[in-house]
Amino acid sequence: MKSDKFLKNIGEKVRTLRRAKDISQEKLAEMSGLHPTYISDIERGKVNASINTFNMIANALEIPFAELVNIPSIELNKKIEND
């Protein structure tokens, strides 16, 4: 998988989990110690964030790191087919 597709997919996962917890980007940024613009960039797949950054986001969302970065292959295949 191309890295830009991966970044978009993981960004969408961050957005989905954040919205499911009814947390704004600003609040997630505050909780994770990141800048709100950086959260936005991650969610849009515009930056290649570090593992540590994703761990900080997972901790702020109170979910396991593995849950955040796990994108089932079926979901990925559908996204690839639609692109």
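Phe 54 touches Ile 10, Val 14, Ile 42, Ala 49, Phe 65 and Leu 68 when residues up to four places away in sequence are not counted, contact meaning heavy atoms within 4.5 Å. The model is predicted, so that local features need pLDDT of at least 70 and side-chain atom pairs count only at pLDDT 80 or more, whereas totals for chains, interfaces and linings use all residues. Residues are numbered from 1 along each chain as its sequence is written, and side-chain values use heavy atoms, with hydrogens and water left out.

**Exercise 1.** Describe how helix H1 packs with helix H4.

*Solution.* Start with the geometry: H1 (residues 3–20) and H4 (residues 51–61) pack at an angle of about 20 degrees, their axes lying 11 Å apart. H1 is therefore roughly parallel to H4, a term for angles under 35 degrees. Next, list the residues that make the contact, which are Ile 10, Val 14, Leu 17 and Arg 18 from H1 and Phe 54, Ile 57 and Leu 61 from H4. Finally, sort them by class: six are nonpolar, none is polar and one is charged.

**Exercise 2.** Determine whether Arg 18 is buried or exposed, and name its contacts.

*Solution.* Then take its relative accessibility of 7%, because of which Arg 18 counts as buried (under 20% relative accessible area, with exposed being over 50%, using a 1.4 Å probe and protein chains only). Lastly, leaving aside neighbours within four places in sequence, Arg 18 is in contact with Ile 23, Ser 24, Gln 25, Leu 28, Glu 43 and Leu 61.

Methods: Axes fitted to C-alpha atoms, helices over the stretch in contact; angles between N-to-C directions. Helix = DSSP H or I, 4+ residues; strand = E, 2+ residues; numbered from the N terminus. Parallel < 35°, antiparallel > 145°, perpendicular 65-115°, else oblique. Nonpolar A, V, L, I, M, F, W, Y, C, P; charged D, E, K, R; others polar.
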